[in-house]
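Dear colleague,

Please find below the structure that I am handing over to you. My notes on it follow directly after.

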Amino acid sequence: MSDLPFTLDQLRILKAIALEGSFKRAADSLYVSQPAVSLQVQNLERQLDVPLFDRGGRRAQLTEAGHLLLSYGEKILSLCQETCRAIEDLQNLQGGTLIVGASQTTGTYLLPKMIGMFRQKYPDVAVQLHVHSTRRTAWSVANGQVDLAIIGGEIPGELAESLEILPYAEDELVLILPVFHPLTKLETIQKDDLYKLQFIALDSQSTIRKVIDQVLARCEIDTRRFKIEMELNSIEAIKNAVQSGLGAAFVSTSAIAKELQMGVLHCAPIEGVVVKRTLWLIFNPNRYRSKAAEAFSQEILPQFATPGWNHNVLKLAQKNLMVNTLDAVIPNSSDED
């Protein structure tokens with residue numbers, strides 16, 4: 001290790017500067033002084049004999065060599081974190097960390113229930129929930145920053161070969177109306193009735209909006225004909241707008257369980273139409289899987305899976321988690337197999 005031209009601390013500093021955009025903010029985020037950060041960068045550049053930052057502008061910009069070192073440095077730091085978590089696992093779930101990822105809807109309404117159940121059984125395990133777009137979540141799983149994730153959007157094609165992608169559950173999308181809307185008196189409404197309603201929707205560029213439009217299109221519902229009264233940036237805001245009588249909306253059933261129980265929203269069935277989408281369980285079969293991730297997969301995931309899927313799909317997922325955990329801890333000594 002002594003002949004390496006950089007240290008782990010220097011890689012952490014490089015990553016912090018790239019993330020924060022300045023030496024001062026990087027120093028603040030690492031709880032060290034700015035001169036200490038500058039000195040480490042100077043030493044690193046001298047050891048590598050290349051400039052890592054273009055110091056001509058107000059924001060710290062990486063040079064080509066800086067980008068290259070950052071790319072490899074992030075991988076090195078990720079493996080270091082993975083190593084520490086593997087060592088923590090020796091305590092047999094008396095500690096350690098479980099990191100679960102989710103897209104917006106699953107992260108808001110499904111994962112908190114699952115994590116609550118897990119925490120009751122394993123209170124000593126620290127659990128982190130990372131809620132982001134499907135694309136960002138998928139990359140976090142691929143890079144080993146997240147153990148596993150449940151998402152509802154489209155996974156980037158370039159990750160299809162590096163991730164295990166398994167159907168996990170069906171999520172039904174339903175039409176919600178204000179409880180005093182005239183259509184609430186009907187047992188079912190027709191497709192054509194949809195085009196007469198005023199809709200509250202997510203921003204047209206949001207991933208969830210695109211998924212909803214795609215699912216409705218498969219049910220021969222043309223969302224381009226919808227009269228969009230208002231676009232909001234969250235499911236909670238949409239529910240409140242519908243409750244206030246501002247329009248109708250399509251949302252996941254998991255997002256309105258409380259409101260239906262309280263009787264403040266009306267779920268309107270559409271004759272001959274059931275709108276469903278698939279939720280996917282994703283993990284990286286080539287990364288180390290902690291005992292906490294294995295326990296979550298075996299004990300919690302089956303309880304929320306669509307009936308019939310947990311006996312085949314989830315057993316495959318559990319098997320893969322266990323096999324790859326063993327492969328990571330006890331690598332093969334030969335290639336004969």
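This is a predicted model: local features need pLDDT of at least 70, side-chain atom pairs count only at pLDDT 80 or more; totals for chains, interfaces and linings use all residues.

Strand S5

Strand S5 spans residues 148-151 and is covered on both faces. Leu148 and Ile150 are buried on one side, and Ala149 and Ile151 are buried on the other. In a regular strand, side chains alternate between the two faces of the sheet. S5 has two partner strands in these notes. With strand S3 (residues 97-102) it pairs in the parallel sense, over three bridges, and there Ala102 stands opposite Ile150. With strand S11 (residues 275-283) S5 runs antiparallel, joined by four bridges; in S11, Leu281 is the bridge partner of Ile150.

Helix H9

Helix H9 covers residues 207-218. Its 12 residues reach 17 Å from the first C-alpha to the last, close to the 16 Å expected at 1.5 Å a residue. Ile208, Arg209, Val211, Ile212, Val215 and Leu216 are the buried residues of H9. These residues lie on the same side of H9, because they cover an arc of only 160° around the axis. They pack against several elements, including helix H5 (104-109), strand S6 (164-177), strand S7 (198-202) and S11. After H9 comes Glu220, which has a positive phi, near 60°.

Nonpolar cores

The largest nonpolar core has 38 residues, and Leu175, Leu194 and Phe250 touch the most other members. At least two residues of this core come from each of S6, S7, H9, helix H10 (235-243) and S9. A second, separate core of 25 residues includes Leu166, Ala169, Leu281 and Ala305. Beyond its neighbours within four places in sequence, Phe250 is in contact with residues including Leu175, Leu194, Ile212 and Leu216.

Aromatic rings

The whole structure holds seven aromatic pairs. One of them joins Tyr195 and Phe226, a tilted pair at 6.0 Å centre to centre with 45° between the planes. Tyr195 is in the loop between helix H8 (191-194) and S7, while Phe226 is in the loop between H9 and S8, 31 residues apart. Tyr195 counts as buried at 11% relative accessibility, and Phe226 is buried with a relative accessible area of 11%. Phe226 also pairs with Phe250: the ring centres are 6.3 Å apart and the planes at 5°, so this pair is stacked. Phe250 is in strand S9, 24 residues from Phe226. Together, Tyr195, Phe199, Phe226 and Phe250 form one aromatic cluster.

With kind regards

Notes: Residues are numbered from 1 along each chain as its sequence is written. Side-chain values use heavy atoms; hydrogens and water are left out. Buried means under 20% relative accessible area, exposed over 50%, partly exposed in between (1.4 Å probe, protein chains only). Two strands pair if DSSP finds at least two bridges between them. The expected span of a helix is 1.5 Å times one less than its number of residues. The arc is that of the directions from the helix axis to the C-beta atoms. Contact means heavy atoms within 4.5 Å. A nonpolar core is a set of buried Ala, Val, Leu, Ile, Met, Phe, Trp, Tyr and Cys residues joined through side-chain atoms within 4.5 Å. Rings of Phe, Tyr and Trp (its six-membered ring) pair if their centres lie within 6.5 Å; planes under 30 degrees apart count as stacked, over 60 as edge-to-face and the rest as tilted.
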